Amino acid sequence: MKTFKIIQFNMQFGQTWDETDPDHAPIDLDRTIAEIRSHDADIVLLQEVERAQPGGVQAEPPPNCTRLRAALAGYDCFFSYPKPDSRELPFGIGLAVFSRTPLRDGLKNDLPSPRVEFEFNGETKTPTDRLLIGAKTTVCGRELQIFNTHLLALFMLHAHTQDHPIQRRLVLEALRGVEGPLVLGGDFNVVSHEALARQFAAAGFQTVQTAEVTWRRGPCVLDHIFHSRHLRPVRHYVKPTMASDHHVVAAEFEFAE
C-alpha cells in the first residue's frame, strides 16, 4: 500500500438530515454506519459520536461507539468523552479514531472553553470544554500521528474566534510537538475558514480543501483534514450525505520523500 485514505465526519450521534425539521430528524445509526463503510477508508475520524445525556452523565460503555466497533470489524478504535460536566446540553459529544492498523499511545487533551454567556431554552448558559484526542499508528510502513478535535462553535454564540483563540492555540501546540508525519481532522466550527487555513499554514500545516461547503445548515467550511509537510494529498473529495448535518471530507495521502 503506497497511499492511505482518511475520512473526516461529524456524525451528529446518528441524527439524519431533514430539511423541513433538522433539529428533530430521526436517529438512524445504521445509515451512519453504511455511510462510513461506503468510503472504505483506512482511518476514520468521527466527532459527536454520542448524544449528551441530562446532567452530563456519560454512558459506559458508550452505546454508539460500541455499535460502531462491532460494525467496523477489522478496525482498531480509540474513543474519548470530554471531561464530565453537568452543564452539557443534549447535542453531540465524544470523539473517535478508527484505524485498520493498530493504534497506540492514545492521548486526550482538554480544550477549555471561554465563559461566553448564551441563552438556551430560556436559561443563561456557558459552554463546556472541548477535546483533542490523538493516537499513533504505522501505515505504509511509516509512523503516523493522528489527531481529532471538535472546537466550540463560537459563531453560534454570537462571539468571534479572534477574541477567544485558546482552543486553536492549544491544538497548534500539540501539533508543533510532533516531529514526523501527522494528520489532524475535525469540526473546527470556524466560519472564517480562510483565516483558519492561514493560521495553520503559518505553523506548517495545510488543509486539503477550503472550496466546498461541509455543513448543511449554512454555507460554511467547518470540517477539515490538516496535514504536515511529510504528507502529500493525492486526491480528496467532499461528499454530501443524509446521515448528518455535516458532509464527509475524504483525502488520500502518500508520504512525501
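Helices (H or I, at least four residues) and strands (E, at least two) are taken as DSSP runs and numbered from the N terminus. The structure is a predicted model, in which local features need pLDDT of at least 70 and side-chain atom pairs count only at pLDDT 80 or more, whereas totals for chains, interfaces and linings use all residues. Residues are numbered from 1 along each chain as its sequence is written, and side-chain values use heavy atoms, with hydrogens and water left out.

On this assignment, the chain holds four helices and 16 strands. Its radius of gyration is 17 Å, close to the 18 Å given by the globule rule for 257 residues, so the chain is as compact as a globular protein of that length; the radius is taken over C-alpha atoms, and the rule is 2.2 Å times the number of residues to the power 0.38. Along the principal axes, the C-alpha atoms fill a box of roughly 55 × 40 × 35 Å. Of the 257 residues, 55% are buried, where buried means under 20% relative accessible area, exposed over 50%, and partly exposed in between (1.4 Å probe, protein chains only). Among contacts (heavy atoms within 4.5 Å) with a separation of 6 or more, 70% join residues 24 or more positions apart.

The chain carries 27 positive and 33 negative side chains, and the centres of these two sets lie 5 Å apart. In this count Lys and Arg are positive and Asp and Glu negative, with His and the chain ends not counted, and each charge is placed at NZ of Lys, CZ of Arg, CG of Asp or CD of Glu.

Helix α4, which spans residues 193-202, has His193, Leu196, Ala197 and Phe200 buried. Viewed down the axis of α4, the buried residues fall within an arc of 95°, so they line one face of the helix; the arc is that of the directions from the helix axis to the C-beta atoms. These buried residues pack against α3 (166-176), β12 (182-187), β13 (206-207) and β14 (223-227), while the face of α4 turned away from its buried side carries the exposed residues Arg198 and Ala202. Just after α4, Gly204 adopts a positive phi of about 100°.

Cys220 is located in the loop between β13 and β14 and, at 7% relative accessibility, counts as buried. When residues up to four places away in sequence are not counted, Cys220 touches Val191, Val213, Thr214 and Trp215. Cys220 and Ser192 are 28 residues apart in sequence, and their C-alpha atoms are 8.2 Å apart in space.
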